[in-house]
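Please read them alongside the coordinates.

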Amino acid sequence: MSKKIRLSKCSISQEEHDAVSLVLNSGFLGMGPEVSKFEDELSNFLSCNFVSCVNSGTAALHLGVQALGIKAGDEVLVPSVTYVACFQAVKATGAKPVACDIMMSDGALSLEDAEKKLTKNTKALMYVHYASAFNRRSEVLEFVKKNNLRLIEDAAHSFGCYYANRKRIGQDYDVVCFSFDGIKNITCGEGGAVVSSDRSIFEYIKDARLLGVKKDSVARANGQRTWDSEVEHQGWRYHMSDINAAIGRVQLKKIERFGLLRKSLSACYLSEINARHVSFLDIDYQRIIPHIFPILLSSESKRDELQKVLAFNYIETGIHYKPNHMLNFFRGKACDIAEKFYKRELSLPLHCDLDQDDIYKITKIVNEVCG
Ligand SMILES: *Cc1c(COP(=O)(O)O)cnc(C)c1O
């Protein structure tokens with residue numbers, strides 16, 4: 001029987017096992033020295049002073065939105081084609097996520113549609129780096145400035161990417177959120193981080209991740225707790241544990257290698273797929289660290305057929321994502337392009353335990369089915 005090729009997975013070696021063992025043997029498993037060191041290393045990597053580690057990407061988004069003062073009665077523009085985490089994070093603050101359409105060319109937010117969805121209650125825009133790309137980022141920045149909106153960037157797919165002049169995603173605007181869940185570019189097991197260029201947002205988030213207890217993050221970093229506590233705002237149990245941070249610290253050292261691998265696997269897909277009825281997204285895969293590899297098929301039936309044939313050959317694929325406005329809890333007005341995209345999209349396997357032979361096997365089937 002042939003081995004199963006998974007859609008995405010983490011890539012773990014003995015080093016992560018050893019790092020976790022050290023934490024377990026230390027007898028301290030909560031948020032302590034490992035989290036502090038991971039935050040310092042992330043700050044250094046992203047060239048950004050203000051990094052707070054949390055226990056998921058979803059928690060990062062929730063705290064990010066809350067820290068910008070978004071609340072009940074407010075509206076936040078979100079592309080409909082994204083992980084449901086974005087919609088739930090906005091909803092958790094009491095605000096309303098407003099589903100916006102996307103561009104067929106790259107699956108990312110359509111600013112033209114976002115403009116149509118503006119109301120007097122619109123307070124922020126959540127910009128999702130779909131498939132690690134951020135093609136119209138400068139237009140997005142102009143749009144939020146012009147309309148006096150706050151910006152939350154969901155960079156769950158784009159950790160480690162450069163966007164300009166050797167500047168990494170994560171340093172220059174309101175709030176940028178990363179995920180380190182089990183399948184992301186680097187993993188902590190579960191984890192996330194919120195990055196901001198604004199000290200006051202950073203300090204707010206540091207308290208909010210620990211039930212809103214003032215300066216408890218600072219105390220814990222020094223191996224203490226705040227017993228004479230004060231709370232000024234809503235907080236959550238969202239901090240990261242030393243076990244997760246220990247995994248993340250090892251993974252961060254591998255990001256360069258992971259990035260090169262993901263780029264070369266993507267390049268292999270681009271050169272090997274020659275089917276006439278397959279199109280690629282308008283993304284420069286050599287400029288990013290590709291997190292997923294979406295292709296667009298000519299029709300829904302072709303997509304379903306290809307997915308079935310690949311599954312028959314033990315090759316797992318994904319669909320990123322069912323538009324959120326089609327979900328009962330977030331049901332909203334139609335977004336035509338998002339719905340078309342959803343029917344035609346298929347994500348091919350991409351992770352660091354794949355090799356070129358795996359890609360040849362996959363692309364041979366794609367070419368046969370879609371030739
Ligand atoms: C993974 C992901 C998230 C949420 O991160 P978790 O760590 O799984 O909570 C949010 N947005 C996108 C686009 C993601 O891929």
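Helices and strands are DSSP runs numbered from the N terminus, with helices (H or I) of at least four residues and strands (E) of at least two. The model is a predicted one.

1. Ile183. This residue sits in the loop that runs between strand 8 (175-179) and strand 9 (192-196). Its relative accessible area is 33%, so Ile183 is partly exposed. Leaving out residues up to four places away in sequence, Ile183 touches Ser8, Lys9, Arg262 and His291. Ser80 is 103 residues from Ile183 along the chain, and the two C-alpha atoms are separated by 22 Å.

2. Packing of helix 1 and helix 9. Two packed helices are described by the angle between their axes and the distance between the axes. For helix 1 (residues 14-26) and helix 9 (residues 242-253), the angle is about 150° and the axes are 9 Å apart. Helix 1 is therefore roughly antiparallel to helix 9, a term that applies to angles over 145 degrees. The crossing of helix 1 past helix 9 is right-handed.

3. Residues in that contact. On the helix 1 side are Glu15, Glu16, Ala19, Val20, Val23 and Leu24. They meet Asp242, Ile243, Ala246, Ile247, Val250, Gln251 and Lys253 of helix 9. Sorted by class, the contact of helix 1 with helix 9 has eight nonpolar, four charged and one polar residue.

4. Ile243. Where does Ile243 belong? It is part of helix 9. With 23% relative accessibility, Ile243 counts as partly exposed. Beyond residues up to four places away in sequence, Ile243 touches Val20, Val23, Leu24 and Leu29. Between Ile243 and Ser56 there are 187 residues of sequence separation and 14 Å in space, C-alpha to C-alpha.

5. Aromatic pairs. The structure holds 14 aromatic pairs. One of them joins Phe87 and Phe330, edge-to-face, at 5.4 Å centre to centre and with 65° between the planes. This pair links distant parts of the chain, 243 residues apart: Phe87 belongs to helix 4 (residues 84-92), and Phe330 to the loop between helix 11 (300-312) and helix 12 (336-344). Phe87 has a relative accessibility of 1% and counts as buried. Phe330 is buried too, at 10% relative accessible area, given a cut-off of under 20% for that label.

6. A second ring next to Phe330. Why is the pair of Phe329 and Phe330 edge-to-face? Their ring planes lie at 65°, and edge-to-face applies to planes over 60 degrees apart. The ring centres of Phe329 and Phe330 are 4.9 Å apart. Phe329 is exposed, its relative accessible area being 54%, whereas Phe330 is buried.

7. Aromatic cluster. Which residues do ring pairs link into a cluster? They are Phe38, Phe45, Phe159, Phe178 and Phe180.

8. Backbone geometry to check. Most residues other than glycine have a negative phi, and most peptide bonds are trans. The peptide bond from His320 to Tyr321 is cis, with omega near 0°. Tyr321 is in the loop between helix 11 and helix 12, and that loop also holds Phe330.

9. Positive phi values. Ala131 has a positive phi, near 55°, and is not a glycine. This residue is in the loop between strand 4 (122-128) and helix 6 (137-146), and Ala131 is buried, with a relative accessible area of 0%. Asn148, another residue that is not a glycine, has a positive phi of about 60°. Asn148 lies in the loop between helix 6 and strand 5 (150-154). At 70% relative accessibility, Asn148 counts as exposed.

10. Phe134. The loop between strand 4 and helix 6 also contains Phe134. Is Phe134 buried or exposed? Its relative accessibility is 11%, so Phe134 counts as buried. Setting aside residues up to four places away in sequence, Phe134 touches Tyr127, His129, Ser158, Cys161, Tyr162, Tyr163, Ile169 and Ile288. From Phe134 to Ser158 the sequence separation is 24 residues, and the C-alpha to C-alpha distance is 8.7 Å.

Notes. Residues are numbered from 1 along each chain as its sequence is written. This is a predicted model: local features need pLDDT of at least 70, side-chain atom pairs count only at pLDDT 80 or more; totals for chains, interfaces and linings use all residues. Side-chain values use heavy atoms; hydrogens and water are left out. Axes are lines fitted to C-alpha atoms, for helices over the stretch in contact, and angles run from 0 to 180 degrees between N-to-C directions. Angles under 35 degrees count as roughly parallel, over 145 as roughly antiparallel, 65 to 115 as roughly perpendicular and the rest as oblique. A crossing is left-handed if the near helix is turned anticlockwise from the far one by less than a right angle, and right-handed if clockwise. Contact means heavy atoms within 4.5 Å. Ala, Val, Leu, Ile, Met, Phe, Trp, Tyr, Cys and Pro count as nonpolar, Asp, Glu, Lys and Arg as charged, and the others, Gly among them, as polar. Rings of Phe, Tyr and Trp (its six-membered ring) pair if their centres lie within 6.5 Å; planes under 30 degrees apart count as stacked, over 60 as edge-to-face and the rest as tilted. Buried means under 20% relative accessible area, exposed over 50%, partly exposed in between (1.4 Å probe, protein chains only).
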